[in-house]
Structure formats: C-alpha cells, structure tokens
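Open the model in your viewer and keep the selection tool ready. The tour goes from one side chain to the next.

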Amino acid sequence: MAAGTSYHAGLVGKNLFEKFSDIPVEVGLALEFGYHFPKLSKKPFFIFLTQSGETADSRVVLKQVNEINLPSLTITNVQGSTLSREATYTMLLKAGPEITVASTKAYTAQIAVQAVLAKAVGEAKNVTCAKEFNLKQQLALVAEGMQQLVDVKEKVDELAKTRNAFYIGRGVDCSCTRRCS
C-alpha cells in the first residue's frame with residue numbers, strides 16, 4: 001500500500017516477493033483503497049511503503065486495516081511518524097532526509113528492504129529461488145553502480161541540460177511478473 005514514488009517501489013517489491021517467497025502480492029494505490037476496500041485473501045498482511053509516514057491516503061487505509069484487526073508493517077524513513085506508530089510493526093529505512101521532491105534515497109532503500117524481506121520469507125518457506133539468490137552480492141553491485149554515477153554527476157548534469165532521456169525498465173524494474181525458472 002503506497003502513494004507516489006513509494007507506489008513504484010511497491011511495484012518492484014511485488015516482483016521480488018513473488019519471485020523469492022512465492023507469495024501472491026497486490027500493490028495498491030492508497031488513494032483507491034481508501035474509497036474501495038477490496039475483498040482480501042484468507043491471511044492478508046499489509047505493508048505500507050512511505051517516505052514520510054504521514055501520507056494522508058495511506059493513513060486512511062491503515063485506519064481501515066486496524067478497524068478489522070489485520071496485521072500491518074510500515075516501512076518508512078521517519079521514526080515516530082503516524083503510520084509507524086499506528087501499524088502493527090515498523091521498519092525504519094534510515095535513508096536520511098529527502099532534500100528534493102524526488103524521493104530517491106527512500107525509493108532505493110524501500111526496494112532494498114523489500115528484497116531483504118522477500119528473500120528472508122522465501123528462505124523460511126524453503127523456496128529454491130530465494131536460497132540460491134546472492135542478494136548481498138547484488139546489493140553490492142547496486143551500491144557500486146550508484147557510486148559510479150555519483151562520480152560522474154557533473155558530466156550527467158551537462159548532458160541533462162542539452163539532451164532528452166528515455167528510460168527503459170526490465171526485469172525487477174518492470175511491472176510485469178516473472179517467476180523463477
């Protein structure tokens with residue numbers, strides 16, 4: 001359950017949870033769930049992704065979840081936020097404050113945390129894909145790639161002033177679902 005940038009992190013998380021834990025996942029826009037609460041599976045578990053922990057639409061849904069006594073987890077960047085206080089469980093991202101509108105640090109941290117959770121659940125369920133995937137190595141590669149981008153940020157800034165960009169997503173960065181083979 002999320003809004004804005006966190007919703008997009010949730011789409012990536014859906015792929016990770018389904019791949020590593022073999023659990024079906026639905027990602028909901030909090031705005032829509034607030035007005036149309038869907039039928040649920042027999043054992044639903046709500047995960048709220050939020051940078052601030054104060055997103056009004058997510059708060060509405062969490063209130064509904066609490067009213068019917070369902071378990072929830074808030075993954076947020078802000079300790080003591082409303083969603084973190086009202087959810088059953090809370091995980092703090094500790095990504096540092098966001099300076100701009102684009103929630104890049106929280107987005108990246110939300111995906112990393114979801115990957116760790118999905119792998120842990122999959123390992124607990126003995127899902128082969130989760131046991132065989134070297135998440136630590138993959139996260140190290142991501143960190144290395146991010147550092148390489150930071151190292152050339154002046155060149156990227158100059159290109160951005162004179163060029164247009166087209167972004168393509170594949171695999172974990174695509175909203176389509178893929179299973180382990």
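Select Lys119 to begin: this residue is buried, at 10% relative accessible area. The model is a predicted one.

Glu123 is partly exposed, with a relative accessibility of 39%.

Next, go to helix 1 (residues 4-21), where Glu18 and Lys14 are also 4 residues apart, about one helical turn. A salt bridge joins Glu18 and Lys14, with 2.9 Å between the closest N and O atoms. Both Glu18 and Lys14 are buried.

Move on to helix 8 (residues 153-162) and select Asp157 and Lys161, 4 residues apart. Their salt bridge has its closest N and O atoms 3.6 Å apart. Asp157 is partly exposed at 40% relative accessibility, while Lys161 is exposed at 59%. The model has 4 salt bridges.

Last, turn to the aromatic rings, which make 4 pairs. Phe37 and Phe46 are stacked, with 5.9 Å centre to centre and 25° between the planes. Phe46 also pairs with Phe48: the ring centres are 6.2 Å apart and the planes are at 20°, so this pair is stacked. Phe37 is partly exposed, at 26% relative accessibility. Phe46 is buried at 6%, and Phe48 is buried at 0%. Select Phe33 as well to show the cluster that ring pairs form from Phe33, Phe37, Phe46 and Phe48.

Conventions: Residues numbered from 1 in each chain as written. Predicted model: local features only at pLDDT ≥ 70, side-chain atom pairs only at ≥ 80, totals over all residues. Heavy atoms only, no water. Phe/Tyr/Trp six-rings, centres within 6.5 Å; stacked < 30°, edge-to-face > 60°. Buried < 20%, exposed > 50% of the residue type's maximum accessible area, 1.4 Å probe, protein only. Salt bridge = Lys/Arg side-chain N within 4 Å of Asp/Glu carboxyl O. Helix = DSSP H or I, 4+ residues; strand = E, 2+ residues; numbered from the N terminus.
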